[in-house]
Amino acid sequence: MTYKGGESVSQNDSHNELEGLKPVAYNKRVFRLLSYILMWWSSVIVIQGFVLGQSMLPPAGKLNFYQAVIVMVLASLILGALYSLSGTPGLKYGIPFTVQSRAAFGPKGSRVATIIRAIPAVFWYGIGTWIGAMAINQITNTLFGVGNVWVYFFLFQVIQTLLAYKGIKSIKWFDVTMALVLVPIMAFMMYTVVKNYGFELSASWNSAGSWGEPFFISLVAVVGAIFTSALNNSDLTRHLEPQKAANWVGHMVGVTVPYCFLIMLGIMSGAAVGIWDPIQALAELAPGVAVAVILLLFIALAQFTTNLTMNCLPSALVIMETTGLSWGTSVIIVGVLGIATMPWLLFTSQNFFSFIAYYSAFLGPVLGVMLADYFLIRKQKLVVRDLYNTAKGIYFYKKGWNWAGLVSVLIGGIFGIIYLSYSWMIAMPVGFILYLVLYKVFDLPVGKEDELNSEPVFDIGD
């Protein structure tokens, strides 16, 4: 079957061929399974994860090597599962997160949920650019004795904006290509650490550590570093070939494996040199100038790939849906906002962890509500036509707001802040359970069985 309701998508799509809001037909999907996995390999190799791996061990953290590895494995499996579950509607119906969220929050209420997602993405965009600029600055200072981090920062932002401006095909090409560059470098980095710092790694393995609060706080932080993209993963799965195995294989291999790889590298780096700052740590690990340059270049390229898929793409789609602007204009706005976040002030140890904890407190219940709505309330059936024609249909909540979803997010977020050290770990199940209760209490629409079954949809089994 194919979806035939694209003509009534809404003016917010702007008929933009590069990237838009209307459903992506099966024959328009740009990712096959291998390219999708490679895209995630390059996107998940984000230096923030490297930093978190370092920070679990002394002097910044309180875990030993073995405990940090357990955190790494658990966090990566949780993320792989959440990405797969969240991306199911996008894969099946070809719709983006901004449209998918209308079912759970209402046409107007969904904008609250999508803005909650867009804000941290913009901040991460700025942080990633700043880290990349610092790495390039270190390279030029090492090789030529000159550098200017501010020039590199603004230059990075311009280059990233140009790449994103050309749409999903440009993002795919760049990320897949960079995966072939980044993965061998990361493997070489791990080899270098083991070869030169084996004794330090062994000592860290045998230290006392902690299975208490520090262990769970580390788990929350490591998941939280890329938790944001679990919400809007439909923005990417809508471009993936519609095979049942593609969703779970794509994320378990594409997200779980490289994230384990990256966190492990951070853990090993922390055990070896005990330095929190990633630029200084990699410079310390390098046996010579040539290797140091390669490692710092790795940092810079990793920021590009992550920023394009996990930060710029979702933010631009939210701006498109909210304002009706074109994809290109929205991308430029995201670039400007990334500068306005002043990442040079945000990227310190204390602020970094606080930032993760606070936004995860509200992102958790948003994801909990959406999973409850799609899998338990709607039984994985959406009426795509009504998601776009928001003036009528089964998603026409009173005045466009589904208060069951919004209240669940608010209360879940409050719980997440009260128990801030556990953030999304508390907030997500609270939002999930509360939504199921309130949906029944408010007696909200689900849709008649014949209406759901007659709706022409993208169905994986067809």
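Predicted model: local features only at pLDDT ≥ 70, side-chain atom pairs only at ≥ 80, totals over all residues.
Me: How many salt bridges does the model contain, and what counts as one?

Reply: A salt bridge requires a side-chain nitrogen of Lys or Arg within 4 Å of a carboxyl oxygen of Asp or Glu. By this rule there are 5 salt bridges. One of them joins glutamate 321 and arginine 102, with an N to O distance of 2.9 Å.

Me: Which parts of the chain does the pair of glutamate 321 and arginine 102 tie together?

Reply: Glutamate 321 belongs to helix α14 (residues 289-323) and arginine 102 to helix α5 (residues 102-105), so the bridge links parts that are 219 residues apart in sequence.

Me: Which residue does arginine 111 pair with, and where do the two partners lie?

Reply: Arginine 111 forms a salt bridge with glutamate 321, and their closest N and O atoms are 3.1 Å apart. Since arginine 111 lies in helix α6 (residues 109-144) and glutamate 321 in helix α14, this pair ties together parts that are 210 residues apart in sequence.

Me: Are these residues buried or exposed?

Reply: A residue is called buried when its relative accessible area is under 20%, exposed when it is over 50%, and partly exposed in between. Glutamate 321 has 2% relative accessibility and therefore counts as buried. Arginine 102 is buried as well, whereas arginine 111, at 31%, is partly exposed.

Me: What does the salt bridge between arginine 385 and aspartate 386 look like?

Reply: The side chains of arginine 385 and aspartate 386 meet at 3.7 Å, N to O. Arginine 385 is partly exposed, with a relative accessible area of 33%, while aspartate 386 is buried at 5%. Elsewhere, salt bridges with shared partners join Arg102, Arg111 and Glu321 into one network.

Me: Which residues make the nonpolar surface patch?

Reply: Such a patch is built from residues with over 30% relative accessible area and no salt bridge, with nonpolar side chains joined within 5 Å. Here Leu410, Ile411, Ile414, Phe415, Ile418 and Tyr419 make a patch of about 550 Å². Phenylalanine 415 is found in helix α19 (residues 403-418), and its relative accessibility of 34% places it among the partly exposed residues.

Me: Where is asparagine 232, and what is it in contact with?

Reply: Asparagine 232 sits in the loop between α10 (228-231) and α11 (234-237). Its relative accessibility is 2%, so this loop residue counts as buried. Apart from neighbours within four places in sequence, asparagine 232 is in contact with Phe97, Arg117 and Pro314.

Terms used: Residues numbered from 1 in each chain as written. Heavy atoms only, no water. Helix = DSSP H or I, 4+ residues; strand = E, 2+ residues; numbered from the N terminus. Buried < 20%, exposed > 50% of the residue type's maximum accessible area, 1.4 Å probe, protein only. Patch = residues over 30% accessible without salt bridge, like charges linked within 9 Å, V, L, I, M, F, W, Y side chains within 5 Å. Areas by Shrake-Rupley, 256 points an atom, 1.4 Å probe, with all protein chains shown as cover. Contact = heavy atoms within 4.5 Å.
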